Amino acid sequence: MRAAGGGAAGRKEVTTLWMWLLLIATACGFVFLLLNLPDHRSRSGPGEPPAPLNPSPLFVPVKLQTGDVTKLNVLHEEIEGQADEIAAEEDERISRSPPSTKEKIWMMQDQIIMARAYLQFASSHGSAHLIRELKMRMKEIERAISHSSGGSRLSGSALQKMKAMELTLSKAHRAYPHCSHMSSKLRAMIYNSEELVRAHQSESSFLEQVAVRTLPKGHHCLAMRLTSEYFSLDPKEREFPKRFSMLMNDFHHYAIFSDNLLASAVVINSTIAASKDPKRIVFHIVTDSLSFPAMTMWFLTNPPSPATIRIKSLDELKWLPADFSSRFKQKGIRDPRYTSALNHLRFYLPEVFPSLSKVVLLDHDVVVQKDLSRLWELDMKGKVNGALETCSSGKGYHQLDNLVNFSDPSIINKFDAKACIFAFGMNIFDLKEWRSKGLSVTYDRWFQAGKRRRLWKAGSLPVGQLVFYNQTVPLDHRWHVLGLGWNSNTRRDEIESAAVIHYSGNLKPWLEISIPKYRDYWSRYLNYDNTYLQQCNIHR
């Protein structure tokens with residue numbers, strides 16, 4: 001009996017032991033399952049902070065190895081390196097947004113700047129919770145900006161995030177009051193710097209215009225001396241010798257409309273030097289009444305042999321409108337290049353030269369480097385104007401809509417906004433075709449229309465595009481190189497291979513502000529040993 005009872009008790013103890021082992025195993029499995037559950041903090045709402053972790057003896061912090069830290073730092077640097085590209089794309093997208101959306105986005109960008117400022121000034125022992133909140137709000141705002149569409153309004157959630165950021169910034173302002181003062185000071189410094197830059201730019205532009213409009217002292221002296229000597233001459237001595245009849249069309253006629261004596265001299269001297277047959281050249285200078293005596297005296301004492309020269313004053317052209325000398329002045333336009341009557345005289349070439357069939361018009365800021373006689377052999381294809389087209393010359397900065405107002409119905413219905421613009425400076429005109437097509441009347445009609453409403457920018461070039469629209473034959477770019485009065489990057493080989501180089505722009509070669517490396521191409525055609533130049537202290 002005792003043996004039987006003892007066996008039963010032993011089996012009961014074994015069964016109890018197995019039950020305890022099963023319970024322990026079940027408990028361990030449950031603990032293991034809890035430790036491997038996914039982190040539910042990622043399911044928090046977009047505007048809610050993640051729930052804090054409760055300290056637990058089961059939580060064991062992971063210590064990163066040195067290699068892992070390095071990888072994280074590299075990744076951070078790569079992300080930071082993309083910031084400039086992303087910012088550029090954002091700026092372009094923001095610029096396409098509606099005004100109200102733009103303002104909101106700019107406000108959000110300002111909020112980010114303020115938040116970064118607070119983070120920079122926050123001390124390491126400051127409120128860790130506030131620092132985390134600022135960083136979180138910054139990410140939310142950055143995400144809202146990146147999700148904003150270029151042509152749509154901001155979403156309601158984006159506006160809520162702006163308000164949430166405002167509240168957080170208010171907290172930061174109370175926690176770091178001096179940071180706000182520093183931010184205001186920095187903004188004031190930026191504003192003052194921008195104002196200073198604008199003032200310097202305005203001053204620089206004004207001084208450049210003064211330099212452009214003011215002849216050097218020596219040039220003024222030269223004009224005064226020559227004018228005085230001209231009036232001391234006997235009237236018969238003021239005439240140029242008549243070598244032959246000006247009616248002959250087998251001569252090459254060049255027109256120069258200018259009040260600048262030395263500039264005109266360089267054009268004439270360089271043309272003669274480059275010509276294969278200078279005896280066939282006739283120069284026609286038209287100048288204003290004030291410059292006429294000095295201009296005449298210079299060429300009487302420095303005749304352009306073996307070529308022929310004729311000089312006229314605007315006052316001799318009695319058929320011009322009575323107000324011709326003053327009609328081109330416009331309110332707010334001070335640059336004499338745009339208001340000069342001599343610049344607009346080009347639209348009356350057939351009337352200025354009634355006996356000629358062809359003429360080459362040269363601006364006074366050009367230098368001729370090669371023989372131009374082949375221009376008279378050019379097939380004009382029934383057109384009126386032979387000229388360089390700027391968009392095919394490597395200087396493609398001009399299309400018609402850059403000069404002409406295409407919002408006006410009279411313009412948009414007659415012209416192509418993307419038409420290529422031709423240049424003045426060196427042009428050959430077929431005066432027979434000009435007369436047959438009545439282009440002088442076309443000019444008058446457009447000029448009167450331009451007086452009633454703003455149709456083009458100032459100067460003779462814009463209206464010239466309308467007058468000679470579809471009446472221009474493009475010249476090879478080697479005939480005419482532009483930009484030596486503004487572009488310091490024109491290649492030397494391009495300059496030296498050109499038939500005509502043009503100092504278009506403000507930096508004329510006779511001014512001290514000219515581009516030094518281009519000055520010699522102009523000054524080589526003046527004789528600085530000339531008595532008048534020596535007396536007026538004009539040197540190379």
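**Exercise 1.** How are α16 and α17 oriented to each other: parallel, antiparallel, perpendicular or oblique?

*Solution.* First, a word on the ground rules. This is a predicted model, where local features need pLDDT of at least 70 and side-chain atom pairs count only at pLDDT 80 or more, while totals for chains, interfaces and linings use all residues. Residues are numbered from 1 along each chain as its sequence is written, and side-chain values use heavy atoms, with hydrogens and water left out.

Step 1: find the helices. α16 covers residues 439-452 and α17 covers residues 460-467 (helices are DSSP runs of H or I with at least four residues, strands are runs of E with at least two, both numbered from the N terminus).

Step 2: get the geometry. The two pack at about 125°, with axes 10 Å apart (axes are lines fitted to C-alpha atoms, for helices over the stretch in contact, and angles run from 0 to 180 degrees between N-to-C directions).

Step 3: classify. Under 35 degrees is roughly parallel, over 145 roughly antiparallel, 65 to 115 roughly perpendicular, and the rest oblique. α16 and α17 are therefore oblique to each other.

**Exercise 2.** Which residues of α16 and α17 make the contact?

*Solution.* Step 1: α16 brings Leu 439, Thr 442, Tyr 443 and Trp 446, and α17 brings Val 463, Leu 466 and Val 467 (contact means heavy atoms within 4.5 Å).

Step 1: sort them. Six are nonpolar, one is polar and none is charged (Ala, Val, Leu, Ile, Met, Phe, Trp, Tyr, Cys and Pro count as nonpolar, Asp, Glu, Lys and Arg as charged, and the others, Gly among them, as polar).

**Exercise 3.** Is Val 359 buried or exposed?

*Solution.* Val 359 sits in strand β4, residues 358-362.

Step 1: check its area. With a relative accessible area of 0%, Val 359 is buried (buried means under 20% relative accessible area, exposed over 50%, partly exposed in between, using a 1.4 Å probe and protein chains only).

Step 2: look around. Leaving aside neighbours within four places in sequence, Val 359 contacts residues including His 253, Tyr 254, Phe 353 and Leu 431. Leu 431 is 72 residues away along the chain, yet the C-alpha atoms of Val 359 and Leu 431 are separated by 7.5 Å.

**Exercise 4.** How many helices and strands are there in the protein?

*Solution.* Step 1: count the elements, and you get 20 helices and ten strands.

Step 1: Of the 540 residues, 41% are buried.
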